[in-house]
Amino acid sequence: MLLPPTCRSGVDMAAARETCWPGFGLATRAGQSDGVALLTMLVVLIATAAFVAALVLTSVVETRIAASWRDGAAAMSAADAVARRALLDLATADWDAALGGAVSTFTDGPPSGVRVLEGAMQLSLDAETSELACGNPTGCSDAEVSRASAERPWGANNPRWRLFGYGPLAALFPDDPYPLRGYVASWVADDPTETDGSPSHDGATADNPGRGVLLVTGRAYGPGVARRTVQLVVERVGTELRIIAWRELRP
Amino acid sequence: MSRRRLHRLASSAGTTLIEALVAAAIFTVLVASVLGLVERLQGTLQAEPERADLQQRTRVAVEQIQSALNEAGAGPLVGATRGSLGRYVASVLPYRIGRLRNDPESGVRYRPDVLSVLSVPLTGAQAVLRDGAAVDATFLTLEWPASCPPPSSATVCGFGPGTSAVVFDRRGRWDLVTVESAAGSTVTIDAPGLRFAYSPGAVVSEVRVDVLSLRVDAQGISQLSRYDGFVAEFPIVEHVESVSFEYFGEPLPPQRLGVPLDNTWGPWTTYGPSPPLAVVDDPDDTWPAGENCVFQIAAGEHVPRLATLSTGRVLVTLDPATLRDGPWCPDAGNPHAYDADLLRVRRVRATLRLQVASSALRGAASAFFLRGGSSTTAERLVPDQEIVFDVAPANLSFGR
């Protein structure tokens, strides 16, 4: 486009605007309209983004709640499974040995130390045993174990829990085609109705009401952060074991 | 923009008016469509949290029912009847039990939307009767087991004011009582006292009672509520429009086990109360000598009184008629009797239907909405949620 000399660079462009480009002012106003459209679109986009963000947030929260519920149900079954797995060994085991610290055939190492769970969470088997015995994960003195509480009301007869079986849930079901997540453990303890005063021996005499009765706790850690615990009361009748009570322990 | 076009813009005033009109029309269409979009988004935004809330309320309701049923029939550690409570008394009942508005007292023996569950928690408050107790007794003389929790100023062996307890025996009698005080070997219970007479050796234990049912509050909101069998009843989940329970049970009648009936320690039967010796007549019921609600005498032997519902071991549906036609435990003349077929229950199916709280998110009454609402747009429709699930109480299934 050929412009007159007055319109070329070096001149006062503001003063020459209408001369050089008739309609420039209108074009600028049209440009201002573009700005309004941009603003409108921005407002619409922001509002839409806010709506969508709220919906996504709702969905994410709902998905997590649903996953947590599903994991809780899976953990419950896993806790029940590991408790019943312990019965397989207890059916033939020397109960006094189990109450003295002998472990089941379902283990993944020594009955102490730390296990690494999914999400790099650490599980201390010693802390779990202490927590079960006296509610204190850092360890229990004899006095603490014998202290009566709502969860452990029997005082001197409170169960002295011994870790019995433990390992990854997947190891409990090695043939399962689906990889099972989580870790499971079981503990055994003498029945609190025992009258022999010895928590590491099953009642030996016929007049002991706790003779041939044992408590078994099964606990599952995971999937995810789910934790569930079940407790069985089992009785030895002849050569077979009979479950006489099943309960879920809730925190 | 070309110079020619700029010139036209600057000079054509009439065109500007048309363009303004066109622009206004386009703008109107744009705004209308944007507003329409916003309106739909708003509807979705309003419905989604309600949908999530509906899901969560469903989970809570399911969890409550599962929790109660999972523990159903858990029994005490002490006494000759230790083990499953469900072996001796019906622990899952299709009507309301408890100290307040007890259904059997008004002749009701079945409600499809009520579930009562009995269980004994793992507790130290467990003992046996040292002396027998008569009907209406309010004093119980107990024999404390060696495993009793240490006594405190108000409690003996874990029993203290307000303890909710069950008294039951191997004959299938049971009572719910509230302890008023405990001292020495005596426990005082609240009036009206015991409904049945008990012999020495009957178990007295802390108990958990869950009565789950539908109720409507003062605002007309339908709620799933839990009654603890004694004094407290509270809503668990709101806007539960319907709940129903179906029962599946043992097809085979109870059988005697090899344990002699005069043996102190049971169990004496595969399930159900143990009968008296063939020559002994229980003075507390109207059955002939040697018989009870689940066993009768034929040719001098105990044989099942209950029918064989199927020859296999697969659980069978226990229809409502079966659960209220007797035989009755302890006997038909007792106002607190329960149907002996309730002892068969091994699995319970619950059906729940919940709806969204706001009627603005419900459409016209239809298969999707039990109670109609005012919504007419798809974005603002949150259909009722119905869930069906089964629970097989572990404590009622031992030996299967």
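What follows is a conversation about how the terms used for this predicted model rest on its computed values.

User: Before we start, what ground rules apply to the numbering and the values?

Analyst: Happy to set them out: residues are numbered from 1 along each chain as its sequence is written, while chains are lettered from A and ligands numbered from 1 in the order in which they are written. The model is predicted, so local features need pLDDT of at least 70, side-chain atom pairs count only at pLDDT 80 or more, and totals for chains, interfaces and linings use all residues, with side-chain values taken from heavy atoms and hydrogens and water left out.

User: Why is Ser186(A) called buried?

Analyst: Buried means under 20% relative accessible area, exposed over 50%, and partly exposed in between (1.4 Å probe, protein chains only). Ser186(A) has a relative accessible area of 1%, so the residue counts as buried.

User: Where does Ser186(A) sit, and what is in contact with Ser186(A)?

Analyst: Ser186(A) belongs to strand E4 (residues 183-190) of chain A. Helices (H or I, at least four residues) and strands (E, at least two) are DSSP runs, numbered from the N terminus. Contact means heavy atoms within 4.5 Å. Leaving aside neighbours within four places in sequence, the contacts of Ser186(A) include Val82(A), Arg162(A), Phe164(A) and Thr217(A).

User: What makes helix H4 of chain A mostly covered?

Analyst: Helix H4 (residues 125-134) of chain A has eight buried residues out of 10. Among them are Leu125(A), Glu128(A), Leu132(A) and Cys134(A). The buried residues of H4(A) pack against several elements of chain A, including strand E1 (114-116), helix H5 (142-145) and strand E3 (162-168). Just after H4(A) comes Gly135(A), with a positive phi of about 85 degrees.

User: Asp136(B) and His239(B) have positive phi values; are they buried or exposed?

Analyst: Asp136(B) has a relative accessible area of 52%, so Asp136(B) is exposed. His239(B) is at 13% relative accessibility and therefore counts as buried. Phi is near 75 degrees for Asp136(B) and near 60 degrees for His239(B). Asp136(B) lies in the loop between strand E3 (126-129) and strand E4 (139-143) of chain B, and His239(B) in the loop between strand E11 (233-238) and strand E12 (240-249) of chain B.

User: Which peptide bonds are described as cis, and with what omega?

Analyst: One of them runs from Gly222(A) to Pro223(A), with omega near 10 degrees; another joins Ala191(B) and Pro192(B), with omega about 10 degrees. Pro223(A) is in the loop between strand E5 (213-221) and strand E6 (227-237) of chain A. Pro192(B) is in the loop between strand E7 (186-189) and strand E8 (203-206) of chain B.

User: What makes strand E2 of chain B mostly covered, and which strands pair with E2(B)?

Analyst: In strand E2 (residues 114-119) of chain B, six of six residues are buried. Val114(B), Ser116(B) and Leu118(B) point one way, while Leu115(B), Val117(B) and Ser119(B) point the other way. Two bridges join E2(B) to strand E1 (residues 92-93) of chain B, where Val92(B) stands opposite Val117(B). Six bridges join E2(B) to strand E9 (residues 208-216) of chain B, with Leu115(B) and Leu212(B) as bridge partners.

User: How many residues of chain B and chain A are in contact?

Analyst: 44 residues of chain B are in contact with 43 residues of chain A.

Note on methods:
Pairing = 2+ DSSP bridges.
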